[in-house]
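Colleague: Hi! I'm new to this one, could you walk me through it?
Modeller: Happy to, let's have a look together.

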Amino acid sequence: MTAMPVTTRDYELRRTPESVVPSELNEIKVKETSEMLLHEELAKARIQELEESFREARVRGSIRSARAARRWGKLAQWASERAHRHQH
């Protein structure tokens with residue numbers, strides 16, 4: 001047995017005869033739907049902006065970590081050479 005999902009709009013249309021549903025009610029539903037779509041689009045835009053900023057931050061972070069790795073590598077090489085000089 002499978003169940004089909006039913007939206008509120010479908011449920012209301014099945015329960016009430018079409019002649020009873022005023023056209024004004026349908027206009028309100030269309031307006032609410034379009035407002036919901038607008039909010040959904042705004043949310044998607046915000047998510048995309050956040051993802052883009054995270055990508056840029058990740059790139060900046062990888063550049064910083066590469067610089068830090070080079071810096072620590074130079075320091076380790078200097079320390080190794082100094083230790084080698086002082087052993088003899």
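**A first look**

Modeller: Of the 88 residues in the protein, buried ones make up 2%. Keep in mind that this is a predicted model.

Colleague: Thanks! How many helices and strands does the protein have?
Modeller: There are two helices and zero strands. Helix α2 covers residues 23–87.

Colleague: And what does the accessible surface come to?
Modeller: The protein's accessible surface is about 8700 Å². Carbon and sulfur atoms account for 58% of that.

Colleague: Which residues form a nonpolar patch on the surface?
Modeller: That patch is made by W72, L75 and W78. Together they have about 380 Å² of accessible area.

Colleague: Let's take W72 from that group. Where is W72, then?
Modeller: W72 sits in helix α2.

Colleague: Is W72 buried or exposed?
Modeller: W72 counts as exposed because its relative accessible area is 59%, and the cut-off for exposed is over 50%.

Colleague: Switching to charges: how many salt bridges does the structure hold?
Modeller: It holds one salt bridge. The partners are the side chains of E40 and K44, with an N to O distance of 3.6 Å.

Colleague: How are E40 and K44 separated along the helix?
Modeller: They are about one helical turn apart, because E40 and K44 are four residues apart in helix α2.

Colleague: What about the accessibility of those two partners?
Modeller: E40 is partly exposed, with 39% relative accessible area. K44 is partly exposed too, at 41% relative accessibility.

Colleague: Which residues form the positive surface patch?
Modeller: R60, R64, R67, R70, R71 and K74 form that patch.

Colleague: Pick one for me, say R67. Where is R67 found?
Modeller: R67 is in helix α2. At 49% relative accessibility, R67 counts as partly exposed, since exposed would need over 50%.

Colleague: One last topic, S65. What does the side chain of S65 reach?
Modeller: The S65 side chain reaches the backbone oxygen of S62, at 2.9 Å. S65 is found in helix α2.

Colleague: And how accessible is S65?
Modeller: S65 has a relative accessible area of 44%, so it is partly exposed.

Methods: Residues numbered from 1 in each chain as written. Predicted model: local features only at pLDDT ≥ 70, side-chain atom pairs only at ≥ 80, totals over all residues. Heavy atoms only, no water. Buried < 20%, exposed > 50% of the residue type's maximum accessible area, 1.4 Å probe, protein only. Areas by Shrake-Rupley, 256 points an atom, 1.4 Å probe, with all protein chains shown as cover. Patch = residues over 30% accessible without salt bridge, like charges linked within 9 Å, V, L, I, M, F, W, Y side chains within 5 Å. Salt bridge = Lys/Arg side-chain N within 4 Å of Asp/Glu carboxyl O. Lys, Arg positive; Asp, Glu negative; His and termini not counted. Charge placed at Lys NZ, Arg CZ, Asp CG, Glu CD. Polar contact = N/O pair within 3.5 Å; in protein donor to acceptor, adjacent residues only side chain to side chain.
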